[in-house]
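Please look over the sequence and the structure before reading on. The dialogue below goes through a few features, one at a time.

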Amino acid sequence: MEDKKLVVITGASSGFGLEMAKMFAEDGYPLLLLARRVEKMEALNLPNTLCKKVDVTDKTGLEKAIRAAEAVYGETDLLINNAGVMLLGSIETQNANEWQKMLDVNVMGVMHGMQTVIPSMKARKGGTIINLSSMAGYQAFENHAAYCASKFGVRGLTQTARLELSPFNVRVITIEPGAVKTELLEHTTDDTIIKGYNEWKESVGAVNITAKDVAKTIKFAYELPQSVLLREIVICDTMQDA
């Protein structure tokens with residue numbers, strides 16, 4: 001059986017990242033788990049796993065962590081740029097600091113990770129980068145202006161990277177989840193918007209899909225042969241109609 005190669009997951013302390021960590025570990029992949037809350041990752045006690053406290057906006061710290069894991073497990077074969085924040089608010093009134101935070105984490109954090117692994121992937125003509133965007137990365141939602149801007153950005157940069165890396169047999173995939181119950185909404189500071197979002201989610205029936213479902217889909221896309229690329233995956237609750 002072929003040895004499993006290094007998988008790097010950002011934002012691995014909760015939500016999709018946490019479920020992906022458990023699934024990949026169960027199948028014997030060596031892992032580097034990155035997040036600001038390192039204790040939540042360490043509590044999983046997964047085998048062949050390094051857990052590092054890293055903020056993806058810190059490119060130097062992110063690169064240092066990835067190089068440390070590669071020294072142990074070999075070069076990164078899969079990078080999952082999952083770390084993200086969702087701070088909903090009206091474009092008329094939202095604090096600009098919240099806009100900046102979303103752009104820094106959701107866009108710059110993804111680019112930092114990609115730039116760290118691309119040279120070695122190109123050199124060996126293999127590897128996969130999976131970027132978490134959102135359904136808000138290709139359509140508008142009320143009170144999502146800056147979040148949409150960041151996720152549209154992720155979609156655009158992923159498409160550009162795919163164009164540049166396909167000749168080198170490197171896969172670049174965008175995952176675009178709809179409404180899924182995770183901690184993401186908890187970042188929003190406006191209680192009225194949180195209440196409205198949850199009411200909307202209930203009204204469209206988007207309450208059954210789980211983070212585990214999304215994680216399973218991501219793992220499936222990665223485990224296809226290197227010659228097979230699912231360029232873009234939109235995944236949502238069957239009953240979500242918007």
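**Reading helices and their surroundings**

Q: What do the buried residues of helix 5 pack against?

A: Packing is read from contacts, meaning heavy atoms within 4.5 Å. The buried residues of helix 5 pack against helix 4, strand 5 (128–132) and strand 6 (171–177). Helices (H or I, at least four residues) and strands (E, at least two) are DSSP runs numbered from the N terminus. This is a predicted model, in which local features need pLDDT of at least 70 and side-chain atom pairs count only at pLDDT 80 or more, while totals for chains, interfaces and linings use all residues. Residues are numbered from 1 along each chain as its sequence is written, and side-chain values use heavy atoms, with hydrogens and water left out.

Q: Which residues of helix 5 are buried?

A: Buried means under 20% relative accessible area, exposed over 50%, and partly exposed in between (1.4 Å probe, protein chains only). In helix 5 the buried residues are A146, Y147, C148, S150, K151, V154, L157, T158, A161, R162 and L165. Over the chain of 242 residues, buried residues make up 51%.

Q: How many helices and strands does the chain have, and in what order do the elements run?

A: The chain has 7 helices and 7 strands. Starting at the N terminus, the order is β-α-β-α-β-α-β-α-β-α-β-α-α-β. Of the contacts with a separation of 6 or more, 68% come from residues 24 or more positions apart.

Q: What span should helix 3 have?

A: The expected span is 1.5 Å times one less than the number of residues. Helix 3 (residues 59–73) has 15 residues and should therefore span 21 Å; its end C-alpha atoms are 21 Å apart, which agrees. Just after helix 3 comes G74, with a positive phi of about 95 degrees.

Q: Which residues of helix 3 are buried, and what covers them?

A: G61, L62, A65, I66, A69 and E70 are buried. An α-helix has 3.6 residues a turn, so residues three or four places apart point the same way. The cover of helix 3 includes strand 1 (6–10), strand 2 (31–35), strand 3 (49–53), strand 4 (76–81) and helix 4 (96–124).

Q: At what angle do the axes of helix 3 and helix 4 cross?

A: Two packed helices are described by the angle between their axes and the distance between the axes. The axes of helix 3 and helix 4 come within 10 Å and cross at roughly 40 degrees. The two helices are therefore oblique to each other (under 35 degrees is roughly parallel, over 145 roughly antiparallel, 65 to 115 roughly perpendicular, the rest oblique). Helix 3 contributes K59, L62, E63, I66 and R67 to the contact, and helix 4 contributes G109, H112, G113, Q115, T116 and V117.

Q: Where is A12 found, and is A12 buried or exposed?

A: A12 lies in the loop between strand 1 and helix 1. With a relative accessible area of 0%, A12 is buried. Its C-alpha atom is 8.8 Å from that of V38, 26 residues apart along the chain.

Methods
Axes fitted to C-alpha atoms, helices over the stretch in contact; angles between N-to-C directions.
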